[in-house]
Amino acid sequence: ADLALLHRIIGKADVLIQNLAPGAAERAGFGSAAMRTQHKKLITVDVSGYGDHGPYKDRRAYDLLVQAESGLASITGTEHAPGRVGISATDIGTGMYAHAAVLEALLARQKTGEGRAISVSLFSSMAEWMAVPLLAMDYSAYEWPRLGLTHPFIAPYGVYQTADDVPVLISIQNEREWKLFCEHV
């Protein structure tokens with residue numbers, strides 16, 4: 001009865017999003033391909049840990065694992081130890097990519113009358129976020145350090161102690177801001 005109810009709900013839905021263990025939606029009878037065959041206008045979103053191809057495609061993923069495996073934890077923390085981003089950045093980032101893809105699919109469906117199959121993965125999302133540190137390594141052999149709140153290329157940038165022991169956060173992004181900071185602060 002529950003499966004029949006789910007199928008009735010899906011039949012009226014614009015978007016079906018699932019992030020079950022790899023293959024679980026198919027085994028339960030509501031996989032993306034089957035649902036799109038039955039409902040041509042349906043937009044399906046499959047969220048996985050590591051994508052649809054490759055040796056990890058059948059593995060489950062968790063935010064902390066993907067932060068570590070993608071390299072995000074290696075550039076987060078302090079010089080003493082890596083750290084995880086303090087929120088579930090992997091889950092949130094992947095959700096944002098899925099959201100953008102769904103909006104594009106809804107616009108396309110208005111023109112074509114057909115839905116789309118969307119696939120996003122936690123690892124791919126964080127791999128995208130790691131593009132700048134990867135490029136720094138590939139093109140200049142620069143190993144992105146763990147710097148806490150500071151930045152490897154921008155200064156002053158971070159928390160600075162004051163004479164009255166009240167920390168101040170400074171984030172200067174360009175020469176104009178530096179000049180204004182020097183003149184007015």
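**A tour from D165 outward**

Select D165: this residue is exposed, with a relative accessible area of 61%. Exposed means over 50% relative accessible area, buried means under 20%, and partly exposed lies in between (1.4 Å probe, protein chains only).

Before moving on, know what is on screen. This is a predicted model, in which local features need pLDDT of at least 70, side-chain atom pairs count only at pLDDT 80 or more, and totals for chains, interfaces and linings use all residues. Residues are numbered from 1 along each chain as its sequence is written, and side-chain values use heavy atoms, with hydrogens and water left out.

**Stay on D165.** Look at the backbone. Phi is near 65 degrees here, a positive value in a residue other than glycine. Most residues other than glycine have a negative phi, and most peptide bonds are trans. D165 sits in the loop between β4 and β5 (168-171).

**Next, select A141.** A141 counts as exposed, at 59% relative accessibility. Find A141 in the loop between α7 and β4.

**Now select A155 and P156.** A cis peptide bond joins A155 and P156. Its omega is about -10 degrees. P156 lies in the loop between α7 (131-140) and β4 (157-160).

**Switch to cartoon view.** How many helices and strands does the protein have? There are eight helices and five strands. Both are DSSP runs, numbered from the N terminus: helices are H or I with at least four residues, strands are E with at least two. Trace the chain from the N terminus, and the order is α-β-α-α-β-α-α-β-α-α-β-β-α.

**Zoom out.** The C-alpha atoms fill a box of roughly 70 × 35 × 35 Å, taken along the principal axes. The radius of gyration is 22 Å, whereas a compact globule of 185 residues would have one near 16 Å. That radius is taken over C-alpha atoms, and the globule rule is 2.2 Å times the number of residues to the power 0.38.

**Show the surface.** The protein exposes about 12200 Å², and carbon and sulfur atoms supply 59% of it. Accessible areas come from the Shrake-Rupley method with a 1.4 Å probe; for residues, only the protein chains shown count as cover. Of the 185 residues, 29% count as buried.

**Last stop: contacts.** Take contacts between residues at least 6 apart in sequence: 58% of them join residues at least 24 apart. Contact means heavy atoms within 4.5 Å.
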